[in-house]
Amino acid sequence: MAIVRKHDPDAPARTASLLVSLGLAESGTDVAATWISRSFTHVAALWPLMLLAKLCVAALLGMLSLARPEHGALLCAVVLIDGLLMLVPRWGLFRNLRPHIQNWLMLPALFCSGLSFSLWLAQGNGAAIPSAVPEMAIALLAVCIVGDRRLLGLSYFMGALLVAGIAHAGMVHLGLLASCLAVMAIATLRQAAADRERAIEQHQQDLKAQRSDRLLEEYELSGRGWFWETDRQSRITYISATLAGPLGVEVGSLIGRLLTDIIQQGDRQQGDGERTLGFHLSARTGFADIAVRAAIAREERWWSISGEPVFNEYGQFHGFRGSGTDLTEMRRSQAEVTRLAQYDSLTGLANRVQMLQALEQAVLGSRGKQGECALMMLDLDRFKSVNDTLGHPAGDALLRQVSQRLQRVVGNQGLVGRQGGDEFKVLVHGRHDRNRLGLLAQAIISAVSQPYSIEGTGVVIGVSIGISFCPEDGVTADALIRNADLALYKAKGDGRGVYRFYSADMHADAEDRRQLEQDLRHALTADGLHLVYQPIVCSTTERITGYEALLRWDHPTRGPISPALFVPIAEDSGLIAPIGEWVMRTACRDAAQWEQDIRVAVNVSAMQFANPGFPTTVMQALASAQLASERLELEITESVFLNDDAGTDAMFTRLKGLGVRLALDDFGTGYSSLGYLKKAPFDKIKIDQSFVRGAAIRGSRNSAIIKAIVSLAEALGMDTTAEGAETRDELDLIRQLGCSHIQGYIYGRPMPAAQVLEGQRTNGVSARSEGFQSSRPERKAMLRTVAVHHDGHVYNGRIRNISATGAMIEGLWNVPEGTQFAIDLSEGQSVDATTRWSREDRMGVEFAAPIDLALLRSQPKALAG
């Protein structure tokens, strides 16, 4: 029966592994190449001791004699072979060979070394017993020199004992030789496997260490972090070279310095990083992400440092080892974010958030005591016109110059901030009297009102200021802001360019405005509003060509409310849209009852014009009243051009598409340029009454302005309407200057719709002028008792109205014209006057010299105008 051998698939692998362990095959990548070849250099370095030992043994045995040629030859062979073992492993050519090939070359060399020495001893000393001992001693020395390369030692043993075994072929000697070789072979094989496993483990550890070193080096070079190490005294023993560059020092200069020496001492604002780090170093406890500031950097640099104490296996403290990262850019970014959050990006002043925080801290005070401060609210006057005419970049440049002036004036007296747009704040800490704050406010007004140069253009603006105090005017930030805002509103209402302190009655004004808004809402829903119509007359035919619809409100308790008061309230509250729609429907309905060629003019606010649905409102009003579109004239102010864009052009196109007429109202009083006249399809230009009134007075330039407007309108093919004509000399001037239409009290005051119909039934469309012959200075209504002196007699009279050159007085009957009086207008103010007309108990007097009406306003019985 044949024996079948079982095939072992792992046998070749075990054989290959055994050869690798012995260093006789390629090691691959499991271990480092130096595992096999690195010991050859050590053998070469120690082999001179081997040769010296051989020579000493030979000398002791008396074998250094060269009397016999064979002895000399063997000695030369020993020296040559051992010399090669000392030199060849050091040659570059040998070291460039693969490790297992080097091993194959070293094995015969060691064998020959042992063989040559044994032959030399055998030839020089015939007694086997004396030579066995030195051979064994030298062999053991060779084994010690080759170390863990036990296969090399086995090779040397084989060479050394081969001669002894052949020369003394006794069974005992052969057995001892075989046993010795067997033991060495077994030990070599077993130890080779263990050595290989250890070498593989060491190789893996080396690879891991190399990988860690490379990663750490790349991490350092990337600039994302650095490493450090200290001794027991916290002196630096290692620090990354990448840290030296930003610090501007050599790495060597940092070695040996205390770690805390390169860190700046902290403070409460920047953080106590240095103190915290010093505590951990002295307490020998770990720490992480401590923010510190570099002390030796050329510029401000911040680090985040982490570290752990290092102890040996016996618990002895060796120092600290840790890492660090650069926080400089992050700190700069945080500082920039903080700056953007606290400061206005355009002007660099404190922004709304910072000003509110500062105000809240100021009113809180400290130690339970109420804070004291003053708040100024500033609003630039005429800034919007600059922004609209020169553009937003020019407006931004102007705001920057204003902020610089504010900072120069206020200086260290307070904190200047920008509220937004063209509004600013000034917060003044501590208690200050009104005189001092008034001087500061006036200095601000004077500085801001000085001319500016913006893109080569001279610009002049102003500023109005409202001031409130803490705790007098409020003990919270909201109260101070509200009250300073009320004071600012008062300053703007008093003519702008002034400052006003908050007073309690300003709340009453604000409450009155709020109440008016509520009453206006109610009037809109309860038919509390009505329209009146003022005729527009042809200047050449004195024929009425149309009426302007004017909105009126008779308050149930306050009586008539001026449109100048309630229209701005309507615009601010959003009521202007429904009110405008009601006016449009009502005006079209009333005009439908007039003569067929009489037009109606309706004022359109900028908010109405900006509404995309406005043309639909116009079309619905015309359709509902069955009024021809050409009989409706829409009066539009220049303010619609402040945001001149494609939407404005589109609105004009849509309105002209309806067939209505367009009139430019209050021409010359707005802030726009004349460029819009090139494209806006106006049919008429209305000359504002401020140019008409007083135009006939000698020396007035208004007539030249009216003439220029008329010429412009004629060149553009537009009609003109002069508003506000009251006297016959103004009427004659308007006709002479070529205005096509006239509107004013001289042809009638605004009247209800019923009166318009009655006038058309009785007088048709003819108009009749009624008024004074000549223009006179503007008069103010007044009720004041005065003393009138004539021929030694004193009479009591009452002034009803007054101007700088005359007055109307009642209480004296049938006074002849030309009578001269002395009138005591007030205490210490007397004026000579002459009667120019008299009707019953009223007379008109002319002063001998003009008077200053401002002095009368300051008296207890001021003008009621």
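In the predicted model, the hairpin of β8 and β9 has two residues between its strands, and G421 there takes a positive phi near 60 degrees. Strand β8 (residues 415-420) and strand β9 (residues 423-429) run antiparallel and are joined by five bridges. Within this pairing, G417 stands opposite K425 of β9.

A further antiparallel arrangement is an open sheet of six strands, ordered β2-β1-β6-β5-β4-β3. Its edges are formed by β2 (236-239) and β3 (263-264), each of which pairs on one side only. Strands of a sheet pair through backbone hydrogen bonds, either parallel or antiparallel. Strand β1 (residues 226-230) is paired with β2 in the antiparallel sense over three bridges, and E229 has Y238 in β2 as its bridge partner.

Strand β27 (residues 829-839) contains T835. This residue is buried, because its relative accessible area of 1% falls under the 20% cut-off for that class. Beyond its neighbours within four places in sequence, T835 is in contact with V815, P816, E817, G818, T819, F821, M843, G844 and V845. The C-alpha atoms of T835 and Q820 are separated by 6.5 Å, although the two residues are 15 residues apart along the chain.

Charged pairs were examined next. Side chains of opposite charge can pair when their charged atoms come close. The count of salt bridges in the model comes to 26. One of them joins K492 to D379, with the closest N and O atoms 2.6 Å apart. Because K492 belongs to helix α17 (residues 477-493) and D379 to strand β7 (residues 373-381), the pair ties together parts that are 113 residues apart in sequence. K492 is partly exposed, with a relative accessible area of 22%, whereas D379 is buried, at 9%.

The salt bridge between E635 and K686 has its closest N and O atoms 2.7 Å apart. This pair also links distant parts of the chain, with E635 in strand β18 (residues 632-637) and K686 in strand β20 (residues 684-687), 51 residues apart. Both E635 and K686 are buried. Salt bridges that share partners also join D379, D381, K492 and R496 into one network.

A local pairing is provided by E517 and R521, whose closest N and O atoms are 3.2 Å apart in a salt bridge. Both residues lie in helix α18 (residues 505-525), four residues apart, or about one turn of the helix. E517 counts as partly exposed at 26% relative accessibility, as does R521 at 38%.

On the surface, L80, L84, L87, W91 and L93 form a nonpolar patch with about 560 Å² of accessible area together. Helix α3 (residues 69-87) gives the most to this patch, with three residues. L93 lies in helix α4 (residues 92-95) and is exposed, with a relative accessible area of 70%.

An unreviewed UniProt entry lists residues 45-66, 72-92, 104-122, 128-147 and 159-187 under "transmembrane region". Of these spans, residues 72-92 are 81% helix and 0% strand in the model, and their end C-alpha atoms lie 32 Å apart. Residues 104-122 are 100% helix and 0% strand, with end C-alpha atoms 27 Å apart.

Terms used. Residues are numbered from 1 along each chain as its sequence is written. This is a predicted model: local features need pLDDT of at least 70, side-chain atom pairs count only at pLDDT 80 or more; totals for chains, interfaces and linings use all residues. Side-chain values use heavy atoms; hydrogens and water are left out. Patches are made of residues with over 30% relative accessible area and no salt bridge: like charges are joined within 9 Å, nonpolar side chains (Val, Leu, Ile, Met, Phe, Trp, Tyr) within 5 Å. Accessible areas come from the Shrake-Rupley method with a 1.4 Å probe; for residues, only the protein chains shown count as cover. A salt bridge is a side-chain nitrogen of Lys or Arg within 4 Å of a carboxyl oxygen of Asp or Glu. Buried means under 20% relative accessible area, exposed over 50%, partly exposed in between (1.4 Å probe, protein chains only). Two strands pair if DSSP finds at least two bridges between them. UniProt positions are given in the numbering used here, feature names are shortened, and annotations may be inferred rather than shown by experiment. Contact means heavy atoms within 4.5 Å.
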